[in-house]
Amino acid sequence: MPRPMTVEGVLFDKDGTLVDFHRTWVPAYLGLAEDLARIAGRPELGGELLRGLGFDVARGSFAEDSPLLWSTNGMIAAALARAPEVAGIDVHGLVETHFRDLERYPPQPVGDLPVLFDRLREHGLRLGLATMDSTLQAERTAALLGITDRLDFVVGSDAGHGVKPEPGMALAFCAACGLAPERVVMVGDTLADLEMGRRAGCGLVVAVLTGGASARALAPHADHVLRDVGELPALLALAG
């Protein structure tokens, strides 16, 4: 049973939590890999590079520790650039080109997010978004998802509050909204999200299965594992 707590705020991760990871980010990863393979003149290189980062293209599955599940664009670019086959290619530039293209890879929402957020706000909850993407990209994505005016706080990894799993972004949300961490629910799809919530002292840490990580990997680190964010209102009612 959920432990009793007073909930005053919910902090969401973006990709894999509000945005369906497989429908949004897998196409971007495949597009990037295809470009790198084309420039290198090796058609098979794309799959090799992604496999080296923990993504099996044939199976469409991610290793539990794949940096593609949670890292910043810069971290992913740096990991790809270490491959000798891409020497001389502007890997960082290509990563930015693909990952920031919201027209080619439009964010696919997990359910009706405006309705969900309205329902949460009706109960007086403060809502925030914390992502390893940039703050500007998070704001652009929120606008496309139709939730900008429902969010009290948006923060990216470039905002000076550290990166996940450090607690800084979660604590910044609490400070900006005047909330005690123990009255905040952290919702995410990766171990980095869950650890950030734990380290910040969030009262409830909730995992969702709309990212690339499995329930088996997430369950030991979460208070609850939900199919998706649409199940959150029912959980919060149980949690008081």
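Here is a short chat about a predicted model of a protein with 240 residues.

Student: Hi! Before we get into details, how many helices and strands does the protein have?
Tutor: Hi there! The protein has ten helices and eight strands. Keep in mind that we are looking at a predicted model.

Student: What about contacts along the chain, how many join residues at least 24 apart?
Tutor: That is 66%, taken among contacts between residues at least 6 apart in sequence.

Student: OK, new topic: holes. How many cavities of 30 Å³ or more are there?
Tutor: The count comes to two. The largest cavity holds about 210 Å³ of space. It is lined by 20 residues, and Asp15, Leu69, Trp70, Ser71 and Met132 are the closest to its centre.

Student: Which elements give two or more residues to that lining?
Tutor: Those are α1 (21-40) and α3. The largest share comes from α1, with three residues.

Student: Is serine 71 buried or exposed, and why?
Tutor: Serine 71 counts as buried because its relative accessible area is 11%, and the cut-off for buried is under 20%.

Student: Got it. How much space lies in the second largest cavity?
Tutor: About 90 Å³. Of the 14 residues lining this second cavity, the closest to its centre are Thr24, Trp25, Phe99, Leu102 and Tyr105.

Student: Which elements give two or more residues to this one?
Tutor: For the second largest cavity they are α1, α4 (91-99) and α6 (135-145). Again α1 gives the most, with three residues. By class, the lining has six nonpolar, four polar and four charged residues.

Student: Let's move to lysine 14. Where is it found?
Tutor: Lysine 14 is in the loop between β1 and α1.

Student: Buried or exposed?
Tutor: Lysine 14 is buried, with a relative accessible area of 2%. Not counting residues up to four places away in sequence, lysine 14 touches Val19, Leu129, Ala130, Thr131, Asp133, Ala138 and Thr141.

Student: Let's do a helix next. Which residues of α8 are buried?
Tutor: In α8, residues 191-200, the buried ones are Ala192, Asp193, Leu194, Met196, Gly197 and Ala200.

Student: What do they pack against?
Tutor: The buried residues of α8 pack against β1 (9-12), β4 (126-130), α7 (168-177), β6 (184-188), β7 (204-208) and α9 (215-218).

Student: And what follows α8?
Tutor: Glycine 201 does, and its phi is positive, near 85°. Most residues other than glycine have a negative phi.

Student: Speaking of backbone, which residues does a cis peptide bond join?
Tutor: A cis peptide bond joins lysine 164 and proline 165, with omega about 10°. Proline 165 lies in the loop between β5 (153-155) and α7.

Student: Last one: where is valine 229, and what does it touch?
Tutor: Valine 229 is in the loop between β8 (224-226) and α10 (232-239). Leaving out residues up to four places away in sequence, valine 229 touches Phe12, Thr17, Leu18, Val110, Leu113, Leu116, Val187 and Val208. At 1% relative accessibility, valine 229 counts as buried.

Student: How far apart are valine 229 and glycine 188?
Tutor: They are 41 residues apart in sequence and 9.1 Å apart in space, C-alpha to C-alpha.

Notes:
Residues are numbered from 1 along each chain as its sequence is written. This is a predicted model: local features need pLDDT of at least 70, side-chain atom pairs count only at pLDDT 80 or more; totals for chains, interfaces and linings use all residues. Side-chain values use heavy atoms; hydrogens and water are left out. Buried means under 20% relative accessible area, exposed over 50%, partly exposed in between (1.4 Å probe, protein chains only). On a 1 Å grid over the protein atoms alone, a cavity is a set of points where a 1.4 Å probe fits but cannot get out, and a pocket is an open set with protein on both sides within 12 Å along at least five of seven lines; lining residues have an atom within 4 Å of a point. Grid points are joined across faces, edges and corners, and a volume is the space filled by probe spheres set on the points. Helices (H or I, at least four residues) and strands (E, at least two) are DSSP runs, numbered from the N terminus. Ala, Val, Leu, Ile, Met, Phe, Trp, Tyr, Cys and Pro count as nonpolar, Asp, Glu, Lys and Arg as charged, and the others, Gly among them, as polar. Contact means heavy atoms within 4.5 Å.
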